[in-house]
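Colleague: Could you take a close look at the salt bridges for me, and tell me who pairs with whom and how open each partner is?

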Amino acid sequence: MKECPLSASPSVQVNNDPETSMVFDNQYYRNLLTNKGLFQSDSALLRDNRTRKFVEDLANDQEFFFESWGQSFLKLTSIGVKTGDEGEIRRSCASTNA
């Protein structure tokens, strides 16, 4: 919250994982377990018994993290890309392009 106050400029950049920011690993989930997550929505996963075990498994088993990431990436690629006037890449996530 100190890094991204409400008044912060949209150009402010913060590492999702300052400990291993240049490595693809499960450190983000280990950070969540120590209450050092970047997003409140991710931290909320620990307060719900339906999702806490999954976060713990991702944090404690890097191979499980890689397998889960691979499966989710495959699902994401099957969604399809919007073309033409079906959608837009927003300049700012908070509002549609003018």
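Modeller: Happy to! Let's start with Asp-57, which is partly exposed at a relative accessible area of 26% (buried means under 20%, exposed over 50%, and partly exposed in between, with a 1.4 Å probe and protein chains only). Please keep in mind that this is a predicted model, where local features need pLDDT of at least 70, side-chain atom pairs count only at pLDDT 80 or more, and totals for chains, interfaces and linings use all residues. Residues are numbered from 1 along each chain as its sequence is written, and side-chain values use heavy atoms, leaving out hydrogens and water.

The partner of Asp-57 is Lys-53: the two form a salt bridge whose closest N and O atoms are 2.7 Å apart (a side-chain nitrogen of Lys or Arg within 4 Å of a carboxyl oxygen of Asp or Glu). Lys-53 counts as exposed, at 52% relative accessibility. Both residues sit in helix H3, four residues apart, or about one turn of the helix (helices are DSSP runs of H or I with at least four residues, numbered from the N terminus).

Helix H3 covers residues 49-60 and also holds Arg-52 and Glu-56, again four residues apart. These two are joined by a salt bridge, with 2.9 Å between the closest N and O atoms. Arg-52 is partly exposed at 31%, and Glu-56 is partly exposed at 24%.

A search of the whole structure finds three salt bridges. One of them links the side chains of Asp-48 and Arg-50, at 2.5 Å from N to O. Here Asp-48 is partly exposed at 22% relative accessibility, whereas Arg-50 is exposed at 73%.

How values were computed: Helices (H or I, at least four residues) and strands (E, at least two) are DSSP runs, numbered from the N terminus.
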